[in-house]
Amino acid sequence: MRNLSAVRFQPTLAYDMSGTVERGVVQVSEDGTTFRDVERVEWPRMSAPHDVDLKGVSARYLRLRVDYGMGGASTLAESIPYEIS
């Protein structure tokens with residue numbers, strides 16, 4: 001278990017923005033089976049990283065449930081969780 005302060009999602013760099021995530025929900029879990037919603041996200045169509053404040057939530061697993069990605073797809077280059085030290 002880790003206490004997380006934030007997570008950064010880096011979109012994939014695509015010339016047509018296909019697969020860029022626009023809406024979703026950041027979710028966390030202790031066991032990797034049962035997830036709970038932490039933060040809803042809605043991002044502009046851009047390739048800059050998106051930071052989400054997790055407010056010190058405790059979790060072992062972290063995921064982004066994508067509700068809408070451009071072109072009917074969703075891709076991310078990287079997700080970086082930040083732990084409270």
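**Close-up views of a predicted model**

Ser29 has its place in strand β2. (Strands are DSSP runs of E, at least two residues long, and they're numbered from the N terminus.) Everything here comes from a predicted model, where local features need pLDDT of at least 70, side-chain atom pairs count only at pLDDT 80 or more, and totals for chains, interfaces and linings use all residues. Residues are numbered from 1 along each chain as its sequence is written, and side-chain values use heavy atoms, with hydrogens and water left out.

**View A. Ser29 and the residues it touches.** Ser29 counts as buried, at 3% relative accessibility; buried means under 20% relative accessible area, exposed over 50%, and partly exposed in between, using a 1.4 Å probe and protein chains only. Skip the residues up to four places away in sequence, and Ser29 touches Thr34, Phe35, Ala59, Arg60 and Tyr61. Touching, or contact, means heavy atoms within 4.5 Å. A polar atom of the Ser29 side chain lies 2.8 Å from the backbone oxygen of Thr34.

View B. Look for Val25, whose bridge partner in β3 is Arg40. Five residues sit between the strands, and Gly32 in this hairpin takes a positive phi near 80°.

**View C. Phe9 and Trp43, an aromatic pair.** The structure holds one aromatic pair. The ring centres of Phe9 and Trp43 are 5.7 Å apart and their planes are at 45°, so this pair is tilted. (Rings of Phe, Tyr and Trp, using the six-membered ring of Trp, pair if their centres lie within 6.5 Å; planes under 30 degrees apart are stacked, over 60 edge-to-face, and the rest tilted.) Phe9 lies in β1 and Trp43 in the loop between β3 (35–42) and β4, so the pair ties together parts that are 34 residues apart in sequence. Phe9 is buried, with a relative accessible area of 3%, and Trp43 is buried too, at 11%.

Notes: Helices (H or I, at least four residues) and strands (E, at least two) are DSSP runs, numbered from the N terminus. Two strands pair if DSSP finds at least two bridges between them. A polar contact is a pair of N or O atoms within 3.5 Å; within protein, one must be able to donate a hydrogen and the other to accept it, and residues adjacent in sequence count only if both atoms are side-chain atoms.
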